[in-house]
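Dear colleague,

I am passing on the structure below, together with some notes on what turned up when I went through it. Please read the notes with the structure open beside them.

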Amino acid sequence: MKQGFGIQIYKNGDKYEGMWEQNKRHGQGTYWKHIGGKLKREYTGDWVEDERHGRGTLFSTNGDRYDGFWVMGKP
């Protein structure tokens, strides 16, 4: 069971680095997307039961970013 700090690398090359609780992303963490052979940060911030929830920043591939609050995966 994933509990506490850990790193998960997914089959598609994406990566999550942060806190876990009962096998779910929960607490502070960063999700990286595998794009063009490189890892690019997609989201860093709070997670609750595997959803973006609380304060966080979304980084878009076009350079835009959203920094603010999230409620169950939605800004």
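Arg25 counts as buried in this predicted model, because its relative accessibility is 14% and the buried class takes in anything under 20%. Asp50 is partly exposed, at a relative accessible area of 30%.

The count of salt bridges comes to five, and another of them is formed by Lys33 and Asp14, at 3.6 Å from N to O. Here Lys33 belongs to strand 3 (residues 24–35), while Asp14 is in the loop between strand 1 (4–9) and strand 2 (15–21), 19 residues apart. Asp14 is buried, with a relative accessible area of 3%, whereas Lys33, at 29%, counts as partly exposed.

A further salt bridge pairs Asp67 with Arg55, their closest N and O atoms being 3.5 Å apart; Asp67 is in strand 6 (residues 65–70) and Arg55 in strand 5, 12 residues apart. Both count as partly exposed, Asp67 at 40% relative accessibility and Arg55 at 43%.

Asp67 also makes a polar contact, side chain to side chain, with Thr57 at 2.9 Å. Thr57 is found in strand 5 (residues 51–59) and is buried, at 9% relative accessibility; beyond its neighbours within four places in sequence, its contacts include Tyr43, Tyr66 and Trp70.

Best regards

Methods. Residues numbered from 1 in each chain as written. Predicted model: local features only at pLDDT ≥ 70, side-chain atom pairs only at ≥ 80, totals over all residues. Heavy atoms only, no water. Helix = DSSP H or I, 4+ residues; strand = E, 2+ residues; numbered from the N terminus. Buried < 20%, exposed > 50% of the residue type's maximum accessible area, 1.4 Å probe, protein only. Polar contact = N/O pair within 3.5 Å; in protein donor to acceptor, adjacent residues only side chain to side chain. Contact = heavy atoms within 4.5 Å. Salt bridge = Lys/Arg side-chain N within 4 Å of Asp/Glu carboxyl O.
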